[in-house]
Amino acid sequence: MTETSFELHDKGMVVGLPEGQRYFNYYWLRDACQSCIDPQTRERVFDASELAQPPRATSAMVEGEVVVIGWADEAQASRVPLALLRDVAANGRGADPADLPRRLWFNDHLPRIARVSQDDVTGTEEGRARLARALIEDGIAIVTGMEKSEGSLPRLVNAIGPVTPSAEGLFFNVRVEIAPTNLAFTAGPLEMHTDLPGEETAPGVQFLHCLENTVEGGNSLFLDGAAVAEALREEDPEAFALLAGHDIPFFYRHDDWDYRAHQRVIETDVDGRVTGVTISQHLQDNMDLPQDLLDDYYPAFVKFIRMMKEDRFLLRFRSEAGNCVVFDNHRIVHGREGYVADSGSRHLRGCYTDRGALRSTYRVLAKKGFDGEAEIPARQAQG
Ligand SMILES: [Fe+2]
């Protein structure tokens, strides 16, 4: 590596790195000192507001993998990992093993959906990492060989994160009900949607464990909402900007609940990358954007929904008993073809965990060396 150079200024310094010359603010450098983090709790124990004067560096040098900075008003020098400066220089932020690029997918994705057995997910770190990575990159995976018991689904979910409750409680059953609270609990077709956008924070990762499926019809439908959103950006940037720029209202109402929340149909991050979508016509409230804005918003909205019905995006497969489909509820849009209610039984059991928990699980595994990239080697015969 070429020599690191330092040019000290009043409020910050320019550091010459292999990535180029980069400016770093002194407060930021003081806060990034390794001593600011308590080794026991791993929480920040330094309070920049306690400094009598704004920090001003008087010296900077590299010592091994660390930049040592001397301060005008403090006896103690700061030690900042060089790797952190290089990550910030390259990406604007520290490294995050869970910041994996989304792999957009289309209607031919079925053979490439990651499949991991329940035993591998719950019993091995490589299995858990494989599932977590697939959920971050593809937004969908199938867990096979699910044990048929009450405890089976909780055992699987807890390997990724704690179960997060919804209006239905911790777990819900998708089957025909006499007095359904949701269209999902009927035998009718279910239009493409993400779950429960009426909740302030819509559920993150959804698990659907198929316990039984002997009915005629009832194929499960999935699409990658991020792929559709990117296609919309390509084909109609103005429509994309409208859907990514305005919140619209959703609800979830029944006798004992009345949830309401506003969501953006296309979600983007600070870098403008599509992170997900929120769509649910059966839980969409009356639009409350200004009426003249709706002259433009509605055509964009309708165009996006029509795109979601296009064959190029739509994956269609039959849920099989013993499998659990796991997907990112903020990215993967799902639905169901109608089925003949008295042709057999169809019973899915579902629950959610948080997307932050998923990424946390993945980071912990990645730090231990399990990056989840490789296929799991075949073990002894199992479901
Ligand atoms: Fe759903």
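**Figure 1. Strands β4 and β5 pair side by side in the antiparallel sense.** This is a predicted model; local features need pLDDT of at least 70, side-chain atom pairs count only at pLDDT 80 or more, and totals for chains, interfaces and linings use all residues. Residues are numbered from 1 along each chain as its sequence is written. Six bridges link β4 to strand β5 (residues 66–71). Strands pair if DSSP finds at least two bridges between them. Strands (E, at least two residues) and helices (H or I, at least four) are DSSP runs, numbered from the N terminus. Look for A60: its bridge partner in β5 is I69.

Figure 2. Axes are lines fitted to C-alpha atoms, for helices over the stretch in contact; angles run from 0 to 180 degrees between N-to-C directions.

**Figure 3. Helices α7 and α8 cross.** α7 spans residues 237–245, and α8 spans residues 291–307. Their axes come within 9 Å and cross at roughly 100°. The two helices are therefore roughly perpendicular to each other (that term covers 65 to 115 degrees; under 35 is roughly parallel, over 145 roughly antiparallel, and the rest oblique). From α7, A239, L242 and L243 take part in the contact. They meet D296, Y297, A300, F301, K303 and F304 in α8. Residues are in contact if their C-beta atoms, placed from the backbone, lie within 7 Å. The residues of this contact divide into seven nonpolar, no polar and two charged. Here Ala, Val, Leu, Ile, Met, Phe, Trp, Tyr, Cys and Pro count as nonpolar, Asp, Glu, Lys and Arg as charged, and the others, Gly among them, as polar.

**Figure 4. L170 sits in a loop.** The loop lies between α5 (152–158) and β9 (172–174). Leaving aside neighbours within four places in sequence, L170 is in contact with V163, P165 and C351. L170 and C351 are 181 residues apart in sequence, yet their C-alpha atoms are 6.3 Å apart in space.

**Figure 5. Strand β11 pairs with β18 and with β20.** β11 covers residues 205–213. Five bridges join β11 to β18 (residues 324–328), and the two run antiparallel. F207 has V326 as its bridge partner in β18. Eight bridges join β11 to β20 (residues 346–353), again antiparallel. L208 stands opposite G350 in β20.

**Figure 6. The protein chain is divided into two domains.** Domain 1 covers 5–91 and domain 2 covers 110–367; these bounds come from an automatic or database domain assignment. Their centres, taken over C-alpha atoms, are 43 Å apart. The chain has nine helices and 20 strands. Buried residues make up 35% of its 383 residues.

Technical notes. Contact = placed C-beta atoms within 7 Å. Buried ≥ 20, exposed ≤ 12 C-beta atoms within 10 Å, placed from the backbone.
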